[in-house]
Amino acid sequence: MADCVTKVELSISCSDLLDKDVGSKSDPLCVLLQSSEGDRWTELGRTERLKNTSSPSFSQRLRLDYHFETVQNLKLGVYDIDNSSSDLGDDDFLGGVELTLGQIVSSKTLTRPLQLKKGKPAGKGSITITAEEIKDNRAIELEFHAQNLDKKDTFGKSDPFLEIFKQGDDGKWQLVHRTEVVKNNLNPSWKKFSVPLQTFCCSDLDRPLKVDCSDHDSDGSHDLIGSFTTKVSELQKAEQGAQVAFDCIHPEKQKKKKSYKNSGVVSVKSCKMLTQYTFLDYVMGGSQINFTVGIDFTGSNGDPRSPNSLHYMSQDGTNQYLSALWSVGHVVQDYDTDKLFPAFGFGAKLPPDYQAAHHEFALNFNPTNPYCKGIQGIVEAYRMVLPQLRLSGPTNFSPIINHVASIAAQAAQSNNASQYFVLLILTDGEITDFDQTRDAIVRASRLPMSIIIVGVGPADFKAMELLDGDDGKLRSTVGEAVVRDIVQFVPFRQFKDAPQSSLAQSVLAEVPNQLVSYFKMRGLEPAKAAPKS
């Protein structure tokens, strides 16, 4: 069941609006537009119209869906409304502002000067936008145990597990949680578990819930032991120390036998409400996302002067490396206040002596200050150094992963949710130090970082897919598993003909959950806890 889309609410106020009405102040209204395909703008909502004020605070909030992995371009326009038509074409424009939703949520409250058009300010007018996430961030934590369950297996006792369903609006039961199986036990205790309240009961404490207790069979034909219905408000009584227990009823048995009482009793050992923080709680609480880039300059890419090299610049000054960098960097840069991004190359020999290959050199050739100004700064550094490098080998990923990990490890010592690191590696995929890289990733999975690998060119990328542990857990050379999944790999060729934004959507979609999973694992709350609405 997909989580509901994150929704954000914007509150708008303005000050010093232009006065367009003779003898009185303007009657302003604010409209919110989002850019869709190309240069088309779609209206998402508008505030109420306030009378006779040049410093309005609108009470009607504007709602929209939030997606971390895309750049959501917004336009806010303020108009002086002097008629009853909803068409804004005949109303005076008092100024507007263009910005991204990422900029708004990463600063939480933002004030910008209003402009009549690009470069032309609307007097002293300014607009202030505050963002708030609309959500129920509660989760329910439950622990169940049972007594005297019916024996279902001929040999040995039952292997019981519970399934909890909520009643959908259509009256159908939807599964919200399944416990583990307790083997060969008629008085089992199941492990504590937590489920977001939205998922568990649509945040409705009186919504009907059904619990099935079944005997697990390895062939999938699980036998029902018994069921009961309840609701969260009833389960919560266990919080106050009340005994909350349910008869497990098997409908067939109940029909057959008058004296039938139950097929066992399931009790609530504990029930409590928890707060679960979201990605936006952390971002609005001041978490910075630090973006680092590593670019593969190994010989397998081909000589950059040759048109079939992956580093060859086309007529318009781009190649697959730069396209991938633009697409991903464009989204991430909104979440980093200083917009200074360390960028490194690996696998090349450097001037003046071109001796040994370097496995993490500053792209701007300034080892003490490898920071580039904005994504554009990385692109310029790349174009500047490319003609001076000699592509070499081997292709070692571990030095750059360990480099970012050492900075992340320092940040982790501050014990607050203020810093998270995203490393983007652009590579043709011919990795040499596979074992060292595995070990580096397993170590990094304990740190506030995520790794995105974009595979450039036609290689088969088998090794890269192994690093992205989606089909099973990545393990180190000594068998230690990653603590959380932090690597996301995509081949660039899948996106070659797609719009530029689709690569970023694919590789960045997992970052919000990876960030939350790290801070949750460390028990860290958002730095400036978002105010409770």
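The charged end of which residue sits over the ring of Phe165, and how many Å from its centre?

Mentor: This is a predicted model. The residue over the ring of Phe165 is Lys210, whose charged end sits 4.9 Å from the ring centre. A second case involves an arginine: the charged end of Arg390 is placed over the ring of Tyr354, 3.8 Å from the centre of that ring.

Next come rings against rings. The count of aromatic pairs comes to 16. One of them joins Phe68 and Phe279; because their planes stand at 70°, with ring centres 5.0 Å apart, the pair is edge-to-face. Phe68 belongs to the loop between strand E4 (62-66) and strand E5 (73-80), while Phe279 is in helix H5 (residues 279-284), so this pair links distant parts of the chain, 211 residues apart. Phe68 and Phe279 are both buried.

Phe291 and Phe341 make another edge-to-face pair, with 5.7 Å from centre to centre and 80° between the planes. Since Phe291 is in strand E17 (residues 288-296) and Phe341 in strand E18 (residues 340-346), their pairing ties together parts 50 residues apart in sequence. Phe291 is buried, as is Phe341. Rings also gather in a group: Tyr277, Tyr282, Tyr420, Tyr518 and Phe519 form one aromatic cluster.

In soluble globular proteins, nonpolar side chains tend to be buried together. Here the largest nonpolar core has 83 residues, and those touching the most other members are Leu10, Leu76, Ile127, Val454 and Leu508. Helix H6 (residues 320-332) gives the most to this core, contributing 7 residues. Leu76 shows what such contacts look like: leaving aside residues up to four places away in sequence, Leu76 touches Ile12, Cys30, Val31, Leu32, Leu62, Gly95, Gly96, Val97, Leu99, Ile127 and Ile129. Another core, of 31 residues, lies apart from the largest one and has Phe344, Val404, Phe421 and Val487 among its members.

Strand E8 (residues 120-134) runs antiparallel to strand E7 (residues 109-117), and 7 bridges join the two. Within this pairing, Thr111 stands opposite Thr128 in E8. The hairpin of E7 and E8 has 2 residues between the strands, and Gly119 there takes a positive phi near 85°.

Methods. Residues are numbered from 1 along each chain as its sequence is written. Side-chain values use heavy atoms; hydrogens and water are left out. Two strands pair if DSSP finds at least two bridges between them. Helices (H or I, at least four residues) and strands (E, at least two) are DSSP runs, numbered from the N terminus. Rings of Phe, Tyr and Trp (its six-membered ring) pair if their centres lie within 6.5 Å; planes under 30 degrees apart count as stacked, over 60 as edge-to-face and the rest as tilted. Buried means under 20% relative accessible area, exposed over 50%, partly exposed in between (1.4 Å probe, protein chains only). A charge sits over a ring if NZ of Lys or CZ of Arg is within 6 Å of the ring centre and within 35 degrees of the ring normal. A nonpolar core is a set of buried Ala, Val, Leu, Ile, Met, Phe, Trp, Tyr and Cys residues joined through side-chain atoms within 4.5 Å. Contact means heavy atoms within 4.5 Å.
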